[in-house]
Amino acid sequence: MKKLIFIFSVLLLFSCKKEKKITYQLNDVTIENNSANKDHLKSTIEFISIAYSDIFGTVVSTNKLAELSQIYKAFGDKKLIEQMVIKNFLNEPSTQIPQIDRSSTSTINSFVQNVYTKLYNRTPDEYELWFISNMIENDTDLTSELIYFSLMTANEYRYY
Amino acid sequence: MKRRKFIRNLGLGTAATIGVPYLLPSGRLFAASGVRKANHVVFCLFAGGVRNLESVHKNDGNLMPYTLKGTEGISSDIISGINFVPPNTGITLQEQGTLYKEFRMKYGPTGHYGAHATAMTGVYTGENLNINANPQYPTIFELYRKHNSPSMSAKNAWWISNSLGAYAHLNYSTYEGYGPDFGANYIQPASIISQEGFDNLGNSRIYNNTEEEKITALRGFCDAHFSSQYNGAANSITNTEEDKVEIEAFINQCFIEAAAGQFNDPWGIGGGLYNNDMQTVNFAEKIIQEYKPELLVVNMQDVDIAHSNFTLYANNIQKADYALAHLWNTIQNTPGMAEDTILIAMPEHGRNQDGNGLYDGYGREALDHTNDDYSREIFSLILGPSGIVVQDQVFSQEKGESIDIVPTIANILGFDNDLPGGLLNGNILTESFY
C-alpha cells in the first residue's frame with residue numbers, strides 16, 4: 001500500500017503541467033516590388049549628371065556633360081558605355097565615396113542604408129539590407145567602390 | 001533487305017538530309033534551308049550625296065580611279081584644288097565585280113537620313129519621316145539577327161557611321177517584333193577615338209576576375225530584386241556579358257594605339273590626307289580584323305561639302321574612292337573574311353542638276369539634293385569572289401534600286417526565304433551572281 005501511495009505521489013509531482021500560452025510577435029518589414037515607383041527611364045543627360053554627382057559630390061560642368069553626352073550617343077550598347085563611363089569616374093582621385101565602417105553590424109547597416117538612399121533614392125528593404133550587409137561582413141575585400149559600381153550599373157539606377 | 005525496310009530506311013535518310021542542319025568545313029552551323037553565297041557582307045554607303053555626273057559619268061575626269069576603269073584627266077579648272085591620294089597602280093574594283101551605273105533611289109525625299117534608312121531597311125521612306133527616331137521598318141541588322149539560322153549575337157553585326165545625329169538610330173527600328181534585341185553594335189569612331197573620348201574613357205578602372213565576380217553577384221542581386229525593364233524595352237542593344245568584356249578591351253586597346261599615334265596615318269599615305277571618311281573606314285577595318293563580323297555597314301559623308309564647295313566635293317570623292325579600295329584590300333587580307341565576303345557600295349542619293357548659287361574659289365557652283373531626277377541617280381557596285389560574283393560586268397542602262405540592297409544581302413547570307421512576306425518590295429540583284 002505504501003508503495004502504491006509513493007508511486008502515486010511521484011506521478012502527481014511530475015505529471016503534465018498546463019502549458020503556458022506564449023505568443024510570438026514579428027516586427028513588420030517592408031518588402032516590395034521596387035520597380036513599382038520607378039518607371040521613368042533617366043535621359044542621357046540625367047544619367048550622366050546624377051552619376052557624376054553621386055561619385056564626386058559636385059555638379060558636372062557643362063563641357064564635361066556635353067563631351068560625355070556625345071560619347072554616350074556614339075555607342076550602341078548603352079549599358080556597356082555606362083559601365084565604361086563609371087569605371088573612368090571611379091579611377092579619378094577626387095571621388096567622394098565613403099569607406100565602410102566595419103566595426104559593427106550597425107555601422108555596416110548604416111553604410112548600406114546610406115548607399116541605397118544616395119543611389120536609389122530609397123531605403124533598402126529588410127532583405128536587401130540583410131543580403132548586402134551580410135556580403136560585407138563576410139568579405140573584407142568587398143570595398144565601397146565595388147558596391148557603388150555594382151549598384152550604379154544595375155538596372156534600377158537607370159530609373160527614377 | 002526486305003523491300004518495306006529498304007523504303008523506310010531510304011525515307012529516314014532523306015528526311016535527315018533535308019531536315020538536319022549541317023556543318024561546313026569552317027565549323028559554322030547552317031540551317032538546311034539557307035544556302036549562302038558568302039559568310040560575310042560589308043555594305044559601304046558611299047554616302048553624302050554623290051551625283052552620277054561626277055562619279056560614273058566622269059564629267060570632271062575619273063575622280064574614282066580605284067573603282068572605275070579609265071584614265072580621263074581631272075578638269076583643269078579644279079585640278080589644283082584636289083589633294084590627290086596615291087595613284088592606283090592595280091586592278092580597279094569594277095573589274096572585281098558588277099557595276100550598276102544607273103541605279104536609282106526612286107521614291108521618298110532625297111535627304112541623307114531618309115535615304116540611309118531606305119538603303120538599310122529596303123523600304124522607301126515617306127515625307128513624314130522623323131529624323132529623331134529609329135526607322136519604322138526593320139533594318140538589315142534586325143532581319144539578319146532575327147531570321148538567320150542560327151541566330152547570331154550583336155558582335156556579328158556592326159554599324160559604323162561617319163557622323164552622329166540621326167545616324168545613331170539606324171542600328172534598329174521601332175517595328176513590332178524587332179527592335180533593339182536584334183540590333184547592331186553601333187559606333188561613331190570620330191566621337192569615341194578622339195581626345196574627348198580618351199579623356200573620358202581612356203583612364204578606366206580595371207577590375208580583376210575576383211572583383212568582377214563580386215560585381216556580377218551584387219549587380220545580379222539588385223537586378224533580380226528590381227523588375228528589369230532595361231533589356232530590350234529600353235533604348236539599347238545588348239551584348240552578352242562575355243562580348244561586353246571583349247568590346248571594352250578592344251576600345252581600350254584602340255585608345256592605347258591612338259595615344260601611340262597609330263591612328264594618325266594608319267594607311268601610310270601621309271597624315272595630312274585623311275578626312276573623316278577615311279578615319280571611319282579605317283575603324284571599320286579594325287572591326288573587320290578584330291571580329292570578322294558577318295554583317296557590317298559603314299558610311300562615308302564628307303562629299304556633302306558639296307552644299308558649299310564643289311571642288312572640295314570632288315576632292316572628297318577621290319578620297320572616298322581610295323577608302324573603298326582600301327576597305328576591300330583589308331577584307332582580302334583578313335583571314336576568315338578573304339574570299340568569303342561580298343562588298344556592296346552605293347551612295348544613298350545623288351545631287352541636283354542645278355547649282356544652288358554658291359560658288360567656290362575655282363568658280364564652281366555648289367549642289368544641294370532636293371528630289372530632282374539627278375538627285376535620284378546613283379551607282380551600285382557589288383564585289384566578291386570570282387566564282388560567286390560576276391566579274392567585270394557593267395550595266396549602263398537603268399537597272400536596280402536602293403531598296404534592292406537589303407533583299408540582296410538577305411539572299412547572300414541565306415535567310416531571304418525566311419523573311420515575312422510583304423515586308424520588302426525590292427528585288428535580289430541576281431544578275432550580279434553566278
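I began with accessibility: a residue is buried under 20% relative accessible area, exposed over 50% and partly exposed in between (1.4 Å probe, protein chains only). At 68% relative accessibility, Asn121(A) therefore counts as exposed.

**Entry 1. The model**

I noted that this is a predicted model, in which local features need pLDDT of at least 70 and side-chain atom pairs count only at pLDDT 80 or more, while totals for chains, interfaces and linings use all residues. Residues are numbered from 1 along each chain as its sequence is written, chains are lettered from A and ligands numbered from 1 in the order in which they are written, and side-chain values use heavy atoms, with hydrogens and water left out.

**Entry 2. Chain A as a whole**

I looked up the secondary structure, where helices (H or I, at least four residues) and strands (E, at least two) are DSSP runs, numbered from the N terminus. Chain A has seven helices and zero strands, and its elements run α-α-α-α-α-α-α from the N terminus on. Of its 160 residues, 44% count as buried. I then turned to contacts, meaning heavy atoms within 4.5 Å. Among the contacts in chain A with a separation of 6 or more, 71% come from residues 24 or more positions apart.

**Entry 3. Two helices of chain A**

I asked at what angle α5(A) and α6(A) pack. Helix α5 (residues 105-120) and helix α6 (residues 126-138) of chain A pack at about 120 degrees, and their axes are 9 Å apart. Here the axes are lines fitted to C-alpha atoms, for helices over the stretch in contact, and angles run from 0 to 180 degrees between N-to-C directions. Angles under 35 degrees count as roughly parallel, over 145 as roughly antiparallel, 65 to 115 as roughly perpendicular and the rest as oblique. The two helices, α5(A) and α6(A), are therefore oblique to each other.

I recorded the contact residues next. From α5(A) they are Thr105(A), Ile108(A), Asn109(A), Phe111(A), Val112(A), Gln113(A) and Tyr116(A). From α6(A) they are Glu128(A), Leu129(A), Ile132(A), Ser133(A), Ile136(A) and Glu137(A). I sorted the residues of this contact into seven nonpolar, four polar and two charged. In this sorting Ala, Val, Leu, Ile, Met, Phe, Trp, Tyr, Cys and Pro count as nonpolar, Asp, Glu, Lys and Arg as charged, and the others, Gly among them, as polar.

**Entry 4. Backbone angles**

Most residues other than glycine have a negative phi, and most peptide bonds are trans. I returned to Asn121(A), which is found in the loop between α5 and α6 of chain A. Its phi is near 55 degrees, a positive value in a residue other than glycine. In chain B, Glu339(B) has a phi near 60 degrees, also positive. Glu339(B) is in the loop between α9 (310-332) and β8 (341-346) of chain B, and it is exposed, with a relative accessible area of 55%.

Which peptide bond did I find to be cis? The bond from Ser149(B) to Pro150(B) is cis, with omega near 0 degrees. Pro150(B) lies in the loop between α3 (140-147) and β5 (157-160) of chain B.

**Entry 5. A strand residue in chain B**

Is Val42(B) buried or exposed? Val42(B), in strand β3 (residues 40-45) of chain B, is buried, with a relative accessible area of 1%. Leaving aside neighbours within four places in sequence, I listed its contacts, including Ile288(B), Leu296(B), Leu327(B), Ile331(B) and Met337(B). Val42(B) and Leu296(B) are 254 residues apart in sequence, yet 4.9 Å apart in space, C-alpha to C-alpha.

**Entry 6. Salt bridges**

Side chains of opposite charge can pair when their charged atoms come close. A salt bridge is a side-chain nitrogen of Lys or Arg within 4 Å of a carboxyl oxygen of Asp or Glu. By this rule I noted 24 salt bridges over all chains.

Lys87(A) forms a salt bridge with Glu212(B), the closest N and O atoms being 3.8 Å apart. Lys87(A) lies in helix α4 (residues 78-90) of chain A and Glu212(B) in helix α6 (residues 209-225) of chain B, so the pair joins two chains. Lys87(A) is buried at 5% relative accessible area, whereas Glu212(B) is partly exposed at 27%.

Glu257(B) forms a salt bridge with Lys286(B), at 2.7 Å between the closest N and O atoms. Glu257(B) lies in helix α7 (residues 241-259) and Lys286(B) in helix α8 (residues 276-291) of chain B, so the pair ties together parts that are 29 residues apart in sequence.
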